[in-house]
Amino acid sequence: MGAFGKLIDVVLFLYFALMAVIAPLIDGQTSLPKGIFPAFLTDLKSSYITDFGDYLLLEKPHFLVGLVWHELVFLWPLSIANVYAILAGKSWFGTTCLLYGASLVTSMAAILGEMIGSGKASERLLTMYVPFMAVGILAVLRGLVSRSTKSSASVGKKRSTIMPRRKLA
């Protein structure tokens, strides 16, 4: 993939590393009891809600709570796995990146659809959420590119012939 591919991997690595920390500590406050979080974390989230006017995190509609559970159960472990995959150069990174990206794009479509459709979201709030859609698309493309280069690299290679088993006397 060259230098451009490495740059994409660096961007994705930074995103996955941040999400490995942010998902349980900040986003988890939406669906988990507040009592389990230190005061400075709940204050940080409250100041974000006030500064950006994030009405979704303030109102906690049921669909958002469900998406946060999805993030904690499915996307958070994938973030950790993707950080490891990038650092260790694992071949399955493309697959997990594709899974993460497709899931993130789907979640962001629901969230952005609500924000834009309701007309409640400020420009500032949208500029906070839209980059997540962009990262999701980038992750999907990264997953597809790694899969297409893998399959195109195998074109023209001779398949091994499976020899029949010999019968034992």
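A residue counts as buried when its relative accessible area is under 20%, exposed when over 50%, and partly exposed in between (1.4 Å probe, protein chains only). By that rule, buried residues make up 36% of the 169 residues in the protein chain.

Before you click around: this is a predicted model, where local features need pLDDT of at least 70, side-chain atom pairs count only at pLDDT 80 or more, and totals for chains, interfaces and linings use all residues. Numbering runs from 1 along each chain as its sequence is written, and side-chain values use heavy atoms, leaving out hydrogens and water.

Start with a cartoon view. You'll find six helices and zero strands (DSSP runs, H or I of at least four residues for helices, E of at least two for strands, numbered from the N terminus).

Next, select aspartate 9 and arginine 142. Their side chains meet in a salt bridge, 2.6 Å from N to O; the term means a side-chain nitrogen of Lys or Arg within 4 Å of a carboxyl oxygen of Asp or Glu. Aspartate 9 lies in helix H1 and arginine 142 in helix H6 (residues 123–153), so the pair ties together parts 133 residues apart in sequence. Aspartate 9 is buried at 13% relative accessible area, and arginine 142 is buried too, at 11%.

Now pick lysine 120 and glutamate 59, another salt bridge, with the closest N and O atoms 3.8 Å apart. Lysine 120 sits in the loop between helix H5 (93–118) and H6, while glutamate 59 belongs to helix H3 (residues 55–59). Glutamate 59 is partly exposed, at 48% relative accessibility.

Last stop: isoleucine 22, in helix H1 (residues 2–25). This residue is partly exposed, at 31% relative accessibility.
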